[in-house]
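Dear colleague,

Here is the structure I said I would hand over. My notes on it follow below the view.

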Amino acid sequence: MGRSKKAGSKIDSQQEKQQRIEQLWLSYSAAIMRTLSGYEADQQLREDLAQEIFCAMLHSVERISSAENPRAYIFRIAHNVAVDHIARQVRDKAESCEPEHLTQLLDDNSQHNDDCPAGQLQRSQQQQLLLNAVRALDPPYRQVIMLLLEDLTATEIADILQISAGAVRVRINRAKTELKARLEGEK
């Protein structure tokens with residue numbers, strides 16, 4: 001009898017774990033995908049990275065649940081996976097964010113926007129300009145802007161990047177200044 005109770009509680013625990021990770025993924029997957037767009041231009045590679053993040057979340061569900069700030073913990077996982085991806089790309093001399101890939105991304109977006117109203121098209125073009133400008137930022141600035149765009153606070157970003165909140169604020173200000181200059185240059 002003792003074994004059946006343990007087996008039953010283990011199943012319940014696994015079911016609870018699965019429910020918790022599904023809940024977390026539903027809550028954060030859109031934000032994670034948006035964040036990944038700052039690291040990777042290729043949609044398929046972003047989906048692969050999202051899958052890696054999901055697996056990492058699955059292995060860390062207990063730590064996420066017990067973390068003081070689960071949201072920051074999840075974004076830390078996403079950041080680590082994305083940074084590892086970039087390191088692999090550099091190590092393998094891949095060209096994942098080269099201009100031809102950005103052009104392809106623009107072409108893919110324009111095909112989807114042909115039937116959209118003018119306002120949506122303009123908004124999409126502005127978002128694309130912003131995304132291109134963000135991708136052109138140096139990695140430290142790109143990191144803070146992508147996390148800032150997900151409504152994370154400077155303190156949460158500091159926890160994720162493991163730097164001081166003051167350093168985050170400096171990076172945010174410098175990134176905003178650089179973005180403003182880049183976007184004004186596009187006009």
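Glu156 is buried, with a relative accessible area of 11%; buried means under 20% relative accessible area, exposed over 50%, and partly exposed in between, with a 1.4 Å probe and protein chains only. Its side chain meets that of Arg71 in a salt bridge, at 3.7 Å from N to O. A salt bridge here is a side-chain nitrogen of Lys or Arg within 4 Å of a carboxyl oxygen of Asp or Glu. The pair links distant parts of the chain: Glu156 belongs to helix H8 (residues 154-161) and Arg71 to helix H4 (residues 70-91), 85 residues apart. Arg71 counts as partly exposed, at 22% relative accessibility.

Before the rest, two remarks on how to read the values. This is a predicted model, in which local features need pLDDT of at least 70 and side-chain atom pairs count only at pLDDT 80 or more, while totals for chains, interfaces and linings use all residues. Residues are numbered from 1 along each chain as its sequence is written, and side-chain values use heavy atoms, with hydrogens and water left out.

Overall fold

The protein has nine helices and zero strands. Helices (H or I, at least four residues) and strands (E, at least two) are DSSP runs, numbered from the N terminus. Of the 187 residues, 34% count as buried. The accessible surface of the protein comes to about 11600 Å², and 50% of that belongs to carbon and sulfur atoms; the areas come from the Shrake-Rupley method with a 1.4 Å probe, and for residues only the protein chains shown count as cover. Among contacts (heavy atoms within 4.5 Å) with a separation of 6 or more, 68% are between residues 24 or more positions apart.

Other salt bridges

The count comes to four salt bridges. Besides the pair above, one of them joins Glu62 and Lys17, with the closest N and O atoms 4.0 Å apart. This pair also links distant parts of the chain, with Glu62 in helix H3 (residues 61-66) and Lys17 in helix H1 (residues 2-36), 45 residues apart. Glu62 is partly exposed, at a relative accessible area of 47%, and Lys17 is partly exposed at 30%.

Another salt bridge is formed by the side chains of Glu178 and Arg182, at 2.9 Å from N to O. Both residues lie in helix H9 (residues 165-186), four residues apart, about one turn of the helix. Glu178 is partly exposed at 22%, and Arg182 is partly exposed at 33%.

Regards
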